[in-house]
Amino acid sequence: MKVFNVRYRFRFNDGREKVFVENFRADTLEPIGKPSRPPAWTALEYHRCSNCPLNPAQQAYCPAALSLVKLIEECAELDPLEAVILEVTTAERVVTLSTTVQNGVGSLMGLVIAASGCPHSSFFRPIARYHVPLASEEETIFRVVSMYFLGQYVRQQAKLGGELTLDGLFEVYRQLETVNNGIAQRLRAAGEAEISVKTLMGWDVFSGMFPMRTSEILERMKLLFAAYLKSS
C-alpha cells in the first residue's frame, strides 16, 4: 500500500518546534492509524451532528472527531495568536509561510476532517489530496468549484448524471456547516481547547457565506476565461 503523508512543522520565535505528520492511503486518502483509546467526546452519540447519517450500531465513533484527537491534545496549551513559521511538506512541494498558530492549526484541521471519512466532508477528499495550506478565499473558491465540476464529469463517466450548476456544491456546504457546528459543540461540552472551537466557528462563518461569496468572486474571475467565450 502506497502512503501519502503531509507534514506540518510549526517553528516558534523562541526556538520551539511542533511537528504533525498525517498519513493517508495514496489511492483513497483514507487516514492510516486511529487513537488506541479514543476519548469519550469522539463517541458517535456524544453531541452527534443533527445531519449525521451513520449507524451507531456499525460505527461507534465519529470519524471527524477521531481525526482531531492528536491535534487537539497537542495544541491545548498553545496560544492561538502566537506567530509561527509554518512549513508544510507534501509529496509535491514544501510551502513555508509566516502565520499564527490558529491559522496553521485550522489549515491542518481542514485537511484531516476532509480525509476523515465523515460522509459530509468526504466530498473534499480530492482537494485534500492536492493540499494547499492557507489558501486565500479566492484560491479556495477556484479550487473547490473546479473540484466539484470534475466530480460531475466523473459522475457522467459512471453514467450517474451530472449538473452544470453550483446548487449541489452549495448543499454540500450547508451540510458541512452543520458538521462544523456539531464538532464545535462536542468539543465545548468536553472542555477541549478553545483554539479548536474558534477555528471551527470561523469555518462555520465561511460555510454560511460560501454561496454569496462564490457568486461574487466567480463574477470577478470571468475576464480570465475570455478565451473560452470565443466562438470556434
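Colleague: How do β1 and β3 pair, parallel or antiparallel, and over how many bridges?

Modeller: Strand β1 (residues 3-12) and strand β3 (residues 83-89) are antiparallel, with six bridges. Pairing here means that DSSP finds at least two bridges between two strands. Strands (E, at least two residues) and helices (H or I, at least four) are DSSP runs, numbered from the N terminus. This is a predicted model, where local features need pLDDT of at least 70, side-chain atom pairs count only at pLDDT 80 or more, and totals for chains, interfaces and linings use all residues. Residues are numbered from 1 along each chain as its sequence is written, and side-chain values use heavy atoms, with hydrogens and water left out.

Colleague: Thanks! Which residue in β3 stands opposite Y8?

Modeller: That's V88.

Colleague: And what joins β3 to β4?

Modeller: Seven bridges, with β3 and strand β4 (residues 94-100) running antiparallel. For example, V84 has T99 in β4 as its bridge partner. The two strands form a hairpin, with four residues between them.

Colleague: What's the strand order in the whole sheet?

Modeller: The order is β2-β1-β3-β4, in an open sheet of four strands with antiparallel pairing. β2 (17-25) and β4 each have a single partner strand, so they stand at the edges and one side of each has no neighbour in the sheet. From one strand to the next, the twist averages 20 degrees.

Colleague: How many bridges join β1 to β2?

Modeller: Nine, and again the strands run antiparallel. In β2, R25 is the bridge partner of V3.

Colleague: I'm curious about S107 in α2. Is S107 buried or exposed?

Modeller: S107 is buried, with a relative accessible area of 12%. Buried means under 20%, exposed over 50%, and partly exposed in between, using a 1.4 Å probe and protein chains only.

Colleague: What does S107 touch?

Modeller: Leaving out residues up to four places away in sequence, S107 touches Y8, H131, P133 and L134. Contact means heavy atoms within 4.5 Å.

Colleague: Nice. Now, at roughly what angle do α4 and α5 cross?

Modeller: Helix α4 (residues 137-157) and helix α5 (residues 167-189) cross at roughly 115 degrees, and their axes come within 10 Å.

Colleague: Which residues meet there?

Modeller: V144, V145 and Y148 in α4 meet G168, L169 and Y173 in α5. The contact residues divide into five nonpolar, one polar and no charged. Ala, Val, Leu, Ile, Met, Phe, Trp, Tyr, Cys and Pro count as nonpolar, Asp, Glu, Lys and Arg as charged, and the others, Gly among them, as polar.

Colleague: Last topic: what is the phi of L29?

Modeller: L29 has a positive phi of about 65 degrees, although it is not a glycine. Most residues other than glycine have a negative phi. L29 sits in the loop between β2 and α1 (63-75), and is buried at 3% relative accessible area.

Colleague: And H47, what is its phi?

Modeller: H47, not a glycine either, has a positive phi of about 50 degrees. H47 is in the loop between β2 and α1 and counts as partly exposed, at 38% relative accessibility.

Notes: Axes are lines fitted to C-alpha atoms, for helices over the stretch in contact, and angles run from 0 to 180 degrees between N-to-C directions.
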